[in-house]
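Dear colleague,

Please find the structure below, together with its sequence. A short account of the findings follows it.

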2 protein chains.
Amino acid sequence: MAQDSLWETPAAKTLRAEPGFELDQLDRNSTPGFTGNKADGERLLEERGAVLSDLQELLYANGRSGDSRSILLVLQGMDTAGKGGMVRHVIGHVDPLGVQHAAFGVPTEEEKQHHYLWRIKKALPRGGYLGVFDRSHYEDVLVVRVHDLVPEDVWSARYDEINQFEKELVDAGTTIVKVAMFVSLDEQKKRLEERLDRPDKYWKYNPGDVTERGLWPAYQQAYQAMLDKTSTEHAPWYVVPCDRKWYSRIAVTELLIDALEKLDLDWPPANFDIEAEKARLAQS
Amino acid sequence: MAQDSLWETPAAKTLRAEPGFELDQLDRNSTPGFTGNKADGERLLEERGAVLSDLQELLYANGRSGDSRSILLVLQGMDTAGKGGMVRHVIGHVDPLGVQHAAFGVPTEEEKQHHYLWRIKKALPRGGYLGVFDRSHYEDVLVVRVHDLVPEDVWSARYDEINQFEKELVDAGTTIVKVAMFVSLDEQKKRLEERLDRPDKYWKYNPGDVTERGLWPAYQQAYQAMLDKTSTEHAPWYVVPCDRKWYSRIAVTELLIDALEKLDLDWPPANFDIEAEKARLAQS
């Protein structure tokens, strides 16, 4: 089944955070643009995962041949939004060889000694690679803002700084796919309950997650500001409802496919004389 | 079907490079220890890949809970031996989140300014991670030896140094799974021919590969010396015939499963009061 028949509008169009977007109007259990059900979505994930994999191989091949372009997927969301599952079930379709994954938790002592973009710059994807950020520099206008970790004049200056930083990245050939993942308060509770009910999930549970739930309104406000101030032409945000994991996964798969297709990649031409090499090889 | 029924002896036992192993006696088209055919192997790869994935999640969970142990898969072999395919088809089964992949080609200018283990040490897996080295520090006793890139007294001292380095790694909690992948001269020719015949494979072709074929005997001698001198109790080599890709992939899957099972991992216990957290969550 062609994906066109199930997406009534492309994910990249439907999910893009346009000016005036209101986060508190978002139904986090919805499946914007998609007309299918969960079974359709799961089948589509396999089909489109294979397409994503083929496109990633093209990107990698071009990178090996000197193309400096890359893709950077930024996953930003509250605990339990499904960032880890996104890596496993979407990025898991592509060759691990071509993926650069980085997770940004509480900064280390060394990281704290540097500018907040220092650790980010070290982890940027090289040419031909698909970079994946599990959390990102946006932590520095989210948790940092909510917890007053730096004064307001410091964090409020970061939006422009981030826009500028991303502009330079884009100009240098990186397509940034920024995905804001939103789970509802109720669904988050269910997911945390599961972690407390299953011994194979205890390791994922962090008492701090419950503390953060108490700050939910402040976080929503910080996310709204982030979307308002940093959804730019060169690096727009995509807002993905995440109460249905299957939906969020096909949505991000489509966003990545869209970004890769726009690079208009083809197999790199031979940078050697094919017939001469065939003759050399035959004699070897 | 249980894997026991197709492996008449475990891969970790059959493939281990024991003292006196003679590389020139190795049939590179053979399937040591395995009684099944290609279809069996391909089915088994899926089954056992799922087992590998579960074990890797346990490793990762323990790493997140403070366990400093890790696994390091070292893939060493001539061009076309199938190192890239091994990453894709074996490591591709596990969560990309828990994999640290590093490829070691010709050293960069910066790397050349440092000791040959410098770039290796920077890429070692952290606790809980599965590290994958596509080529490794063994390049420094293989290509470097064959091409006389440093004097003999320099490279010949490296075997002991590598053994010592690996001993320290193992003592610190890393299980090193060293896989020497051997393809035959004829099969290599076929694989290179394919790269010259298919425009989607040109990017994988490097004229230098044909040059290296002319040095085949010297490489075999260097590999023999590597196996003789660095297959230690703490970090033995496993010799994997690679003319049949499906075999090499199930073999390495089993080697990784074996290494992970020996860690005797269980889900980490909760490091919080479960009932108290359930109460907090309910009220949140």
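**Findings: rings, charges and a sheet**

The charged end of B:Lys229 is placed over the ring of B:Tyr159, at 5.4 Å from the centre of that ring. Please keep in mind throughout that this is a predicted model.

A pair of aromatic rings is described by how far apart the centres are and by the angle of the planes. For B:Trp155 and B:Tyr159 the centres are 6.5 Å apart and the planes stand at 90°, so this pair is edge-to-face. Both B:Trp155 and B:Tyr159 are buried. Over all chains, the count comes to 24 aromatic pairs. In chain A, ring pairs join A:Trp7, A:Phe34, A:Trp246 and A:Tyr247 into a cluster.

Turning to the sheet, chain B has five strands that form an open sheet in the order 2-3-1-4-5, with parallel pairing. Strand 2 (99-103) and strand 5 (237-241) of chain B each have a single partner strand, so one side of each has no neighbour in the sheet. From one strand to the next, the twist averages 20°.

Strand 4 (residues 174-182) of chain B pairs with strand 5 of chain B in the parallel sense over five bridges. In strand 5 of chain B, B:Pro241 stands opposite B:Phe182. Helix 11 (residues 216-230) of chain B lies across strand 1 (70-77), strand 4 and strand 5 of chain B, and runs at about 155° to strand 4 of chain B.

With kind regards

Notes. Residues numbered from 1 in each chain as written. Chains lettered and ligands numbered in written order. Predicted model: local features only at pLDDT ≥ 70, side-chain atom pairs only at ≥ 80, totals over all residues. Heavy atoms only, no water. Pairing = 2+ DSSP bridges. Helix = DSSP H or I, 4+ residues; strand = E, 2+ residues; numbered from the N terminus. Axes fitted to C-alpha atoms, helices over the stretch in contact; angles between N-to-C directions. Contact = heavy atoms within 4.5 Å. Phe/Tyr/Trp six-rings, centres within 6.5 Å; stacked < 30°, edge-to-face > 60°. Buried < 20%, exposed > 50% of the residue type's maximum accessible area, 1.4 Å probe, protein only. Lys NZ or Arg CZ within 6 Å of the ring centre and 35° of its normal.
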